[in-house]
Amino acid sequence: MTAQAEETTRVPPAAQARAIRLGPRSIATLALVGAIGVAAFGWPFLAPPTSQLNAHAQDAPWLFAGLLVLLVAVVAATISESGLGPKAVAMLGVLAATGAALRPIGAGTAGIEPMFFLMVLSGRVLGPGFGFTLGSLTMFASALLTGGVGPWMPFQMLAMGWFTMGAGLLPGPDRLRGRAEVGLLAAYGFLAAFAYGTIMNLAGWPFMGALASGIAFDPHAAVPANLARFAAYCAATSLGWDMGRALVTVVLTLTLGPAVLKALRRATRRAAFETAVTFDPR
């Protein structure tokens, strides 16, 4: 290949490659699934005390779990149709396998979960569409690896998809570099780690019987009372774990972030996701 041809195929620094470009159909599907996901997580606060849904408080998480499995699959399929080529599939598989392998490290130890920092950096470099697919697939693979398959798994897949997609939506993907970018990602990782833990608490909180504890969901209580119960539940059960996850994400982002970002960007440039494959005539 001549120097001139090599120059024409090189991605300019100002145009960061994206593994998946989201089209209108993918954006609409993501928005729809996001709205249904909010309802699936937040139904204890959205349904009035007299609602028939509250009469099935122990069944609702199972129903929503089954629904979310289908919805996440639909989103992944829709995004794939919008341009998930073989190179992007290969990178998706490598990153998902790496994230799934990182998750068991420190399992059961104060929120030491290094996979979260990898999800933040991957979503930043490869964009929100790739980020949602990667986050969902990584959580699914890690659940199979660790035996953590249950009604909570679809909620984890959706929450991790949001977590990784959010990193791809942060400002300045083509201009912000260096310490400013790493600091932005560290701050996002810190806040998103708490957000992930909080919304996952919503998935498990309704399973508790109202008579078992003063912090359990009470289907007959008003919204302010249940909000107070939920806040107490988060503080008592997961605040320390979420803090550990947030701090580990910040430390790994600040220390390993520059090197990982550089490696991911080099890989996207060499993969040239947006360059059509052509063959020269003989």
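## Secondary structure

The secondary structure of this predicted model consists of ten helices and zero strands. Read from the N terminus, the order of elements is α-α-α-α-α-α-α-α-α-α.

The chain has 282 residues, and 47% of them count as buried. Where contacts link residues at least 6 apart in sequence, 79% join residues at least 24 apart.

## The largest nonpolar core

In soluble globular proteins, nonpolar side chains tend to be buried together. In this model, the largest nonpolar core contains 51 residues. The members that touch the most other members are Phe41, Leu95, Met160, Phe163 and Tyr196. Eight elements are listed as giving two or more residues to this core: helix H2 (24–46), helix H4 (86–102), helix H5 (115–126), helix H6 (128–146), helix H7 (153–168), helix H8 (179–204), helix H9 (223–237) and helix H10 (239–271).

When neighbours within four places in sequence are left aside, Phe163 is in contact with Phe116, Met119, Val120, Tyr188, Ala192, Ala193 and Tyr196. Tyr196 is itself among the core members that touch the most others.

## The largest pocket

The largest pocket holds about 430 Å³ of space. Its lining comprises 25 residues, and those nearest the centre of the pocket are Arg103, Glu113, Gln156, Trp241 and Arg245. Helices H6, H7, H8, H9 and H10 each give two or more residues to the lining. The greatest contribution comes from H8, with six residues.

By residue type, the lining of this pocket divides into 13 nonpolar, eight polar and four charged residues.

## Glutamate 113

Glutamate 113 is one of the residues nearest the centre of the largest pocket. This residue lies in the loop between H4 and H5. Is glutamate 113 buried or exposed? Its relative accessible area is 9%, and because the cut-off for a buried residue is under 20%, glutamate 113 counts as buried.

The side chain of glutamate 113 is joined to that of tryptophan 241 by a polar contact of 3.2 Å. Apart from neighbours within four places in sequence, glutamate 113 is in contact with Arg103, Trp241, Arg245 and Val248.

Methods
Residues are numbered from 1 along each chain as its sequence is written. This is a predicted model: local features need pLDDT of at least 70, side-chain atom pairs count only at pLDDT 80 or more; totals for chains, interfaces and linings use all residues. Side-chain values use heavy atoms; hydrogens and water are left out. A nonpolar core is a set of buried Ala, Val, Leu, Ile, Met, Phe, Trp, Tyr and Cys residues joined through side-chain atoms within 4.5 Å. Buried means under 20% relative accessible area, exposed over 50%, partly exposed in between (1.4 Å probe, protein chains only). Helices (H or I, at least four residues) and strands (E, at least two) are DSSP runs, numbered from the N terminus. Contact means heavy atoms within 4.5 Å. On a 1 Å grid over the protein atoms alone, a cavity is a set of points where a 1.4 Å probe fits but cannot get out, and a pocket is an open set with protein on both sides within 12 Å along at least five of seven lines; lining residues have an atom within 4 Å of a point. Grid points are joined across faces, edges and corners, and a volume is the space filled by probe spheres set on the points. Ala, Val, Leu, Ile, Met, Phe, Trp, Tyr, Cys and Pro count as nonpolar, Asp, Glu, Lys and Arg as charged, and the others, Gly among them, as polar. A polar contact is a pair of N or O atoms within 3.5 Å; within protein, one must be able to donate a hydrogen and the other to accept it, and residues adjacent in sequence count only if both atoms are side-chain atoms.
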